[in-house]
Amino acid sequence: MLPELEEELLVLEEKLEKAVDHLSAEYVTVRAGRANPKILDNIVVDYYGSPTPLKQMANITVPEARMLVINLFDKSATKEVVKAIAASDIGINPTDDGKVIRLVFPQLTEERRKELVKQVKKMSEDCKVVLRNERRDALDKAKKLKKDMNFSEDELASFEKDVQKYLDKYIDGAEDLYKAKEKEILEI
């Protein structure tokens, strides 16, 4: 295979891997009835006038399966942290006892579990669309290279097969992530 096509395959694989890694990171933030400190990764607190990620301001522990405890380094920021958590979209009201902030995750209802499964299915489908778009872009680049460099149809066909192998591998990976998250959500 031509070096230009091999380079394009490496770029494609990197993009496909990033898309699946992004899906995996998104799944971590989906609440599945269990306490997971990563659900707080996107929460930013207005700390002395500057937006600061919560995870940089506190020690977050999981003392029980459905509870997070946030122990702030600076207790004077408690009100701002409580306000930021309440304003976020995680759907849990924080309780503040003056020393620590507790987040108790309620047991998920059957209806909420089904909504979460739909949400993660959509995330999976969106990831697959991104993967297919990357395939299309790589094939378009290869066809353009064929015109510019005038290489054979066999080389292009070989490249297309390799691209499809990569795509299949990463779509299977995205599907495996979805199935694992679905099982986690539906588990009681």
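This is a predicted model: local features need pLDDT of at least 70, side-chain atom pairs count only at pLDDT 80 or more; totals for chains, interfaces and linings use all residues.
Which residues line the largest cavity?

1. Residues are numbered from 1 along each chain as its sequence is written, and side-chain values use heavy atoms, with hydrogens and water left out.

2. Helices here are DSSP runs of H or I with at least four residues, numbered from the N terminus, and the expected span of a helix is 1.5 Å times one less than its number of residues. After α3 comes Asn150, whose phi is positive, near 60 degrees.

3. Among the buried residues of α4 (under 20% relative accessible area, with a 1.4 Å probe and protein chains only) are Leu156, Phe159, Val163, Leu167, Tyr170, Ile171 and Ala174, together with the charged Glu175 and Lys181. What covers the buried residues of α4 includes α1 (3-28) and α3 (110-149).

4. A nonpolar core is a set of buried Ala, Val, Leu, Ile, Met, Phe, Trp, Tyr and Cys residues joined through side-chain atoms within 4.5 Å. The largest has 30 residues, and Cys127, Leu131 and Phe159 have the most contacts inside it; the elements that give two or more residues to this core are α1, α3 and α4. A second, separate core of 22 residues includes Leu40, Ile85, Ile92 and Leu103.

5. Leaving aside neighbours within four places in sequence, Leu131 is in contact (heavy atoms within 4.5 Å) with Leu16, Ala19, Val20, Leu167, Tyr170 and Ile171.

6. On a 1 Å grid over the protein atoms alone, a cavity is a set of points where a 1.4 Å probe fits but cannot get out, and lining residues have an atom within 4 Å of a point. Grid points are joined across faces, edges and corners, and a volume is the space filled by probe spheres set on the points. A search of the whole structure finds one cavity of 30 Å³ or more, and the largest cavity holds about 40 Å³ of space. To return to the opening question, its lining consists of Glu8, Val11, Leu12, Lys15, Glu134, Asp137, Ala138 and Lys141, with α1 and α3 as the elements that give two or more residues.

Conventions
Buried means under 20% relative accessible area, exposed over 50%, partly exposed in between (1.4 Å probe, protein chains only). On a 1 Å grid over the protein atoms alone, a cavity is a set of points where a 1.4 Å probe fits but cannot get out, and a pocket is an open set with protein on both sides within 12 Å along at least five of seven lines; lining residues have an atom within 4 Å of a point.
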